[in-house]
Each structure stands twice: as structure tokens, then as C-alpha cells.
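Visitor: Hi, could you walk me through this one?
Guide: Happy to, let's bring it up.

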Amino acid sequence: MKSINKMTQAEIAAYVQSHLREKGITVVLSGGACVSIYTANKYISADIDLIDVYSVARNKIKTAMEEIGFNEKNRYFVHPDTKHIVEFPPGPLSVGEESVTQIKEIKLATGILSVISPTDCVKDRLAAYYFWNDQQSLAQALLVAKHNRINLTDIKKWSQASGNIKGFGIFLKKCSSKKKSRLR
Amino acid sequence: MLEPLLGSKGSEKVLIFIVARDEGYAREISQFFDMDISTAQNQLDKLELGGILVSHTKGRTRIYTFNPRYPFLKELTQLLIKALSFYPENEREKLVMNRRRPRRRGKVL
């Protein structure tokens, strides 16, 4: 097993997830780290957001994290050998009002990484763009769309259901101008 | 009213305030309900950690709003709006009928 200071962000996430899985704690990677993974680090996020799917007691997570050298600091977990910080946002695992059901599993040297799909990652970023007009999130959604096969029909349906079809139109226009996304 | 469900009166007051006014900060919520500011702040912190609220700063004030990404937001706000309708009329009016339009600085009323 690699030492933590030599692990990539995805490898750390897989390592932490595998350890927690052994303790009966199910977490799924979401947030900015997914953008990093799906864009081959075109976007860099130091955070590792692991969604606590079944709302496990905080103390149980804290104890398990301490076993692998992560200590809690201001609700984050830090390790002396890495700049990446781990956070456990509360569940449920969702994008807006919709629950996330499709989890992608990627086998890495440090364990199995459970991560939301590229399509849900785009929705997750678009949610921030729709609700707060956050242009950085739109740029990240476009990056993920450019580097991955995503289901634009599903994203359109989701956008429509949340009353954000106009925002989706802007995303789609910018997507098409890049001519790299593939519509399923 | 919703205390048995939400776990505390403080939590209910904070949520009722925000559903009525769309946003709020610890000092104004505590002053409105005549509660301790630390109680209001603790509830705001708890609700933010739970993903129900989000916050941003304006000057030196941390302002809290509902998290639009919270998956049960629609259902929660419906419940709170209904609860608000059961509040005493004078309290409900004070919550809802606050001045929101701009007022020029130094304007004499």
C-alpha cells in the first residue's frame, strides 16, 4: 500500500472509503473532487466530500478516521501527510430534489472508489449555477461534459423538473459550442 | 408548535423566521423572539451543518438562507408556512410585514 503522501486525491478517497466500508459506514464521493477525477485534474479541488449516505453517528466516523491518521479540525478531517481535507456532508445523496441512485465504482490501488456518475456530477455543478448563478460551477459542469459521456436528455429532464430549463439552455449552448460532448 | 418534530423551540423559531423573511442573521432572530443570541447562533450552525441552511457574509454579518440544494426543501417550507399560519396574528404580521423596500440613507421620515 502506498503511503498517504504519495496518494492522489482519488486514491485517498478510495483508501478512506474502503476503511469506512469495513466499519459499516457507506460514503460516496461527490462535490469538487469528482470534477477533478472526471476532468483528469483540469480542475483542482483540495476537498474530498464524502456524503454520509445513511447518516451515521459522527463519533463513529471520527473514531474510524482516527484509526487511519485523520483528525477532526473544524468539522473537517486532516492528515499530516496530505494537503487534501476530508469532509462528510450530511446525506441523503442527492442532486437538488432528486436522489442519486447510480453509483460508479472505480477500482484503484488503494481500494474501490464509490463516486457519483459524470451525469450526476454535471447536475451537482449545475445546481449551484442554477441556484446561485455561480459561473465557476457552470465552467466545471462544462469541463465534466467535455471529458465524459454524459446523458444530456436526463440532465434536461432534471433541469426542467427543478424549473431551470433556461439555465440548461445556456449550458447546452456552451456545451454545443465546444462540440466535444456526446448526446445519448 | 413544531418543537416535538424539530427537537427544540430555538430550531423552530429560526426556521420560521427564515421562511417568513427569506433570510436572517443571529442577532435579528434573537432580538425578534427575545431569545439568547448564542441560542440562535447555535441553531443556525446546526441547521447549516445539516445542509438545511447556507450562509454568506455581508460586511461583518453572516446571513443565513435556505439551502436550495436541500432535497426536502419544498416539503419543509410547506410545513413551516403552514405552521406560521397558526402563529398569533400580531407575531405573524411582525414577521412578514417588515419593510423590505430600500430607504435612502439620511432620509427623514
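This is a predicted model: local features need pLDDT of at least 70, side-chain atom pairs count only at pLDDT 80 or more; totals for chains, interfaces and linings use all residues.

Guide: In chain A, the domain assignment gives domain 1 (4-116) and domain 2 (119-178).

Visitor: How far apart do the C-alpha centres of domain 1 and domain 2 of chain A lie?
Guide: Those centres are 23 Å apart.

Visitor: And how many residues are in contact there?
Guide: On the domain 1 side of chain A there are 15 residues, in contact with 13 residues of domain 2 of chain A. Helix α2 (residues 32-38) of chain A gives the largest share of that domain 1 side, with three residues. By type, the domain 1 side of chain A splits into eight nonpolar, four polar and three charged residues.

Visitor: Switching to chain B, what is the strand order in the open sheet?
Guide: The three strands run in the order β1-β3-β2 (chain B), with antiparallel pairing. At the edges sit β1 (23-24) and β2 (53-58) of chain B, each pairing on one side only.

Visitor: How many bridges join β2(B) to β3 of chain B?
Guide: Six bridges, and β3 covers residues 61-66 of chain B. As an example, Thr57(B) has Arg62(B) in β3(B) as its bridge partner.

Visitor: Where is Ser94(A) relative to Gln135(A)?
Guide: Ser94(A) and Gln135(A) are 41 residues apart in sequence, and 21 Å apart in space from C-alpha to C-alpha.

Definitions and conventions
Residues are numbered from 1 along each chain as its sequence is written. Chains are lettered from A and ligands numbered from 1 in the order in which they are written. Two strands pair if DSSP finds at least two bridges between them. Helices (H or I, at least four residues) and strands (E, at least two) are DSSP runs, numbered from the N terminus. Domain bounds come from an automatic or database domain assignment. Two residues are in contact if their C-beta atoms, placed from the backbone, lie within 7 Å. Ala, Val, Leu, Ile, Met, Phe, Trp, Tyr, Cys and Pro count as nonpolar, Asp, Glu, Lys and Arg as charged, and the others, Gly among them, as polar.
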